[in-house]
Amino acid sequence: MRLRQWDYLIVTASNALQAEAYESQLAVRGRLGLLSDVREVMVVPDPDGRRIGSGGSTLYCLMEVLSRRLGSKAGKSGPELWLGVLSELRILIVHAGGDSRRLPAYGPCGKIFVPVPGESDGALPLTLFERQLPRYLALPESDSGGGQVVITAGDVMLRFDPSEVRFADDGVTGLACYAKPVQGTRHGVFCPGQGESVRLYLQKPSIAEQKKNGAIDAYGQTCLDIGVMSFDAATAVKMLEVFGARWGGRGGPALALGGEMGEAVINRRLDFYREICCAMGSDADKFTHAKSAEQAGSLWNKKLLGKIFNAFSKAPFSVRLLKRCEFLDFGASRSLIDSGGRLLREYRGLSSVHTLLDINNEITGAGVVKGASAWVEGCRISAPLSLGGENMVVGVDIEEATSLPAGACLDVIKGRSRGGGEVWFVRCYGIDDLFKESINQGATFCGMGMLEWLESVGGGPEDVWAGEVGIGERSMWNACMFPAVKRQSDYRRWLWMFDAAEVCEKDAEAWLQADRYSLEEILAAADHGDFYGRRRMIRAKAIESSLRRVFSPGSEFSSAELAYVLREAEDAGALAGAVLTEGHWHFRNSRAGGTDCLVFPRIIHTLGSALLELYEDEDVMLSKALPGLEGMLSKARRKWLAGLGLDPGSGVPVVAWGKRAC
């Protein structure tokens with residue numbers, strides 16, 4: 001039975017800037033036809049850039065849907081009307097808002113668009129979004145077929161069979177898999193009851209707590225929450241009521257949160273799993289709810305937690321335990337290498353654990369990467385790069401022989417200085433540096449204690465933290481550690497930062513005098529367009545060099561994707577010439593009667609369609625649209641094209657040529 005289509009795919013963002021970047025990426029995927037299984041795609045940022053947690057952002061997603069659906073009626077609407085609207089919708093929410101504090105190299109794109117290993121014939125580099133979305137879209141409705149809201153996390157890759165999933169008709173259903181109890185200390189844990197009911201839900205419980213509450217079975221396994229929760233329209237409306245959804249008056253018919261509970265969502269953050277799920281289950285009580293939430297970092301006081309408990313403790317709560325499920329974490333630098341390495345080994349059939357992840361790189365001339373257990377992505381490499389192991393290198397131009405010690409991470413990203421000038425931010429750090437932790441909790445930098453590193457270069461806290469940053473708030477996240485340079489290649493001046501104990505006085509003084517920025521500042525000042533543009537150009541070159549595979553009978557490479565690649569290519573004429581050359585090869589070498597005889601017409605039709613998409617409304621000559629195309633083709637190929645009525649010479653309108661090709 002074909003599933004009912006999802007009405008909304010909503011991606012959440014932490015602020016308006018991140019939302020704008022997400023919208024641009026989703027728009028590209030929409031134009032390429034990659035989101036055709038969803039009726040409408042939206043990005044919903046946290047309000048005013050204030051982090052409000054997964055529960056808070058879920059509420060804002062629901063309010064945005066209702067505001068759009070109800071229009072002028074939203075201001076006068078209430079629970080009854082909300083229920084009527086949501087009962088007709090399937091809504092998939094992917095929570096992707098975050099500062100990437102554990103994965104700073106990908107702050108500009110967010111964890112959801114982190115590149116991942118794998119073979120792809122598409123115009124876009126393969127990302128975590130492409131790998132996980134098809135599985136989420138294949139999730140079933142509840143048996144009742146009424147309204148449904150599903151929330152998921154954007155920084156993990158879950159591998160399971162969606163056909164195994166069943167969601168209860170009422171209340172909340174969570175998906176789970178078996179895991180070691182130690183994994184449960186970092187995530188949510190279900191304590192199953194009769195059938196598929198839930199007795200208790202614990203958030204980041206210690207192993208002792210798991211044992212005490214019967215979460216560990218006879219085989220020493222825990223029922224781990226994998227972050228996918230489905231709930232019905234009635235539960236969604238209950239959430240809106242409890243947390244004060246009301247007419248917001250934002251200059252239009254929009255809903256917003258108000259009252260004591262709504263203000264708490266904004267000021268204290270609402271985590272769906274921590275504050276809400278911990279209140280549910282047949283054995284839950286106010287004491288265990290408050291204790292579990294507090295231990296997991298909740299800022300809600302007992303009075304407010306009590307109101308949440310009273311509202312949700314009786315709600316139906318089910319768990320669907322998946323027999324086969326893998327949980328790959330892409331949320332931190334080390335886990336990125338580990339999870340990416342696992343994917344690559346599976347894809348290539350490798351057994352070695354020391355995998356070098358070479359992703360979206362342009363390697364030319366003397367360029368070569370030597371090392372193991374390392375992640376190298378978005379780089380242009382024309383000279384040797386030697387890695388000591390457990391390294392990350394992202395967005396760097398390697399034009400001279402470069403070596404990095406074990407555990408060293410280097411990324412370079414374009415952005416704007418405080419004065420508005422164009423700069424490149426150079427970020428050197430260690431694979432295990434803790435950017436979220438305060439200096440009082442053991443924050444490290446390049447493998448050294450934070451204060452120890454500063455002392456090695458003759459600096460102190462006053463050199464990297466502004467006076468208004470309290471001692472308890474000082475961390476690697478808000479420390480001005482990273483120099484801004486005028487040229488990308490100037491990153492080489494700062495590679496000594498990986499070994500500050502051996503720094504010379506001249507380099508230390510240069511660092512103290514440098515224009516330096518914190519990770520927090522760089523996240524806001526980064527040039528998102530350049531971040532994506534760099535990777536698009538590298539991808540365009542990779543496609544140009546692998547046209548035989550791109551146009552193979554099993555490939556789904558489309559004219560829309562070729563149009564996208566032509567738009568991004570450094571030399572569109574050269575790329576079009578390479579496509580025609582590939583078509584000529586197939587014209588001469590295809591076997592009669594085999595499927596390969598269809599490749600030539602497909603290539604010519606694809607190129608024609610791509611050009612029509614690019615220039616449909618423009619009166620442009622082919623020679624202007626694709627300068628240098630004719631010079632890219634041999635005399636024999638030009639004669640061959642002329643015989644097909646596809647003479648690429650000057651004076652041919654690109655639209656007429658494209659139509660003839662089709």
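1. Crossing of α18 and α20. In this predicted model, helix α18 passes helix α20 in a right-handed crossing. Helix α18 spans residues 559-568 and helix α20 spans residues 599-615, and their axes come within 8 Å and cross at roughly 60°. An angle from 65 to 115 degrees would count as roughly perpendicular and one under 35 degrees as roughly parallel; α18 and α20 are therefore oblique to each other.

2. Residues between α18 and α20. On the side of α18, the contact is made by Ser559, Ala560, Leu562, Ala563, Leu566 and Arg567. Helix α20 contributes Thr606, Leu607, Ser609, Ala610, Leu611, Glu613 and Leu614. Sorted by class, the residues of the contact of α18 with α20 comprise eight nonpolar, three polar and two charged.

3. Gly583 in helix α19. Helix α19 covers residues 572-589, and Gly583 lies within it. Gly583 has a relative accessible area of 0%, and buried means under 20%; Gly583 is therefore buried. With neighbours within four places in sequence left aside, Gly583 is in contact with Phe600, Ile603 and Trp640. Gly583 and Gln513 stand 70 residues apart in sequence, and their C-alpha atoms are 57 Å apart in space.

4. Crossing of α10 and α11. Helix α10 (residues 286-295) packs with helix α11 (residues 302-312) at an angle of about 125°, and their axes are 10 Å apart. That angle makes α10 oblique to α11. The crossing of these two helices, α10 and α11, is right-handed. From α10, the residues Lys286, His289, Ala290 and Ala293 meet Leu305, Gly306, Ile308, Phe309 and Asn310 of α11. The contact of α10 with α11 consists, by class, of five nonpolar, three polar and one charged residues.

5. Crossing of α2 and α7. Helix α2 (residues 53-70) and helix α7 (residues 233-242) have axes that come within 10 Å and cross at roughly 105°. The range from 65 to 115 degrees counts as roughly perpendicular, and α2 and α7 are therefore roughly perpendicular to each other. Gly55, Thr58, Leu59, Leu62, Met63 and Leu66 of α2 make the contact with Ala236, Met239 and Leu240 of α7. Seven of the residues in the contact of α2 with α7 are nonpolar and two are polar, with no charged residue.

6. Nonpolar cores. Which residues touch the most other members of the largest nonpolar core? They are Tyr106, Met392, Trp453, Met481 and Trp511, in a core of 120 residues. Strand β24 (residues 422-430) supplies the largest share of this core, six residues. A second, separate core holds 69 residues, including Cys61, Trp82, Ala176 and Leu257.

7. Surroundings of Met481. Met481 is one of the residues that touch the most other members of the largest nonpolar core. Apart from its neighbours within four places in sequence, Met481 is in contact with Phe445, Met450, Trp453, Leu454, Val464, Met476, Met497, Trp511, Arg516 and Tyr517.

8. Tyr429 in strand β24. Is Tyr429 buried or exposed? Tyr429, found in strand β24, is buried, with a relative accessible area of 1%. Not counting residues up to four places away in sequence, Tyr429 touches Pro104, Ala105, Ser333, Gly407, Ala408, Cys409, Asp411, Phe435, Phe445, Cys446 and Phe498. Tyr429 and Leu410 are 19 residues apart in sequence, with a C-alpha to C-alpha separation of 6.7 Å.

9. Arg269 in a loop. The loop between α8 (259-268) and α9 (272-276) contains Arg269. Phi of Arg269 is near 65°, a positive value in a residue other than glycine. The relative accessible area of Arg269 is 40%, and Arg269 is thus partly exposed.

10. Glu390 in a loop. Glu390 is not a glycine, yet it has a positive phi of about 55°. Glu390 lies in the loop between β19 (384-387) and β20 (392-394). The relative accessibility of Glu390 is 35%, and Glu390 counts as partly exposed.

Key. Residues are numbered from 1 along each chain as its sequence is written. This is a predicted model: local features need pLDDT of at least 70, side-chain atom pairs count only at pLDDT 80 or more; totals for chains, interfaces and linings use all residues. Side-chain values use heavy atoms; hydrogens and water are left out. Axes are lines fitted to C-alpha atoms, for helices over the stretch in contact, and angles run from 0 to 180 degrees between N-to-C directions. Helices (H or I, at least four residues) and strands (E, at least two) are DSSP runs, numbered from the N terminus. Angles under 35 degrees count as roughly parallel, over 145 as roughly antiparallel, 65 to 115 as roughly perpendicular and the rest as oblique. Contact means heavy atoms within 4.5 Å. Ala, Val, Leu, Ile, Met, Phe, Trp, Tyr, Cys and Pro count as nonpolar, Asp, Glu, Lys and Arg as charged, and the others, Gly among them, as polar. A nonpolar core is a set of buried Ala, Val, Leu, Ile, Met, Phe, Trp, Tyr and Cys residues joined through side-chain atoms within 4.5 Å. Buried means under 20% relative accessible area, exposed over 50%, partly exposed in between (1.4 Å probe, protein chains only). A crossing is left-handed if the near helix is turned anticlockwise from the far one by less than a right angle, and right-handed if clockwise.
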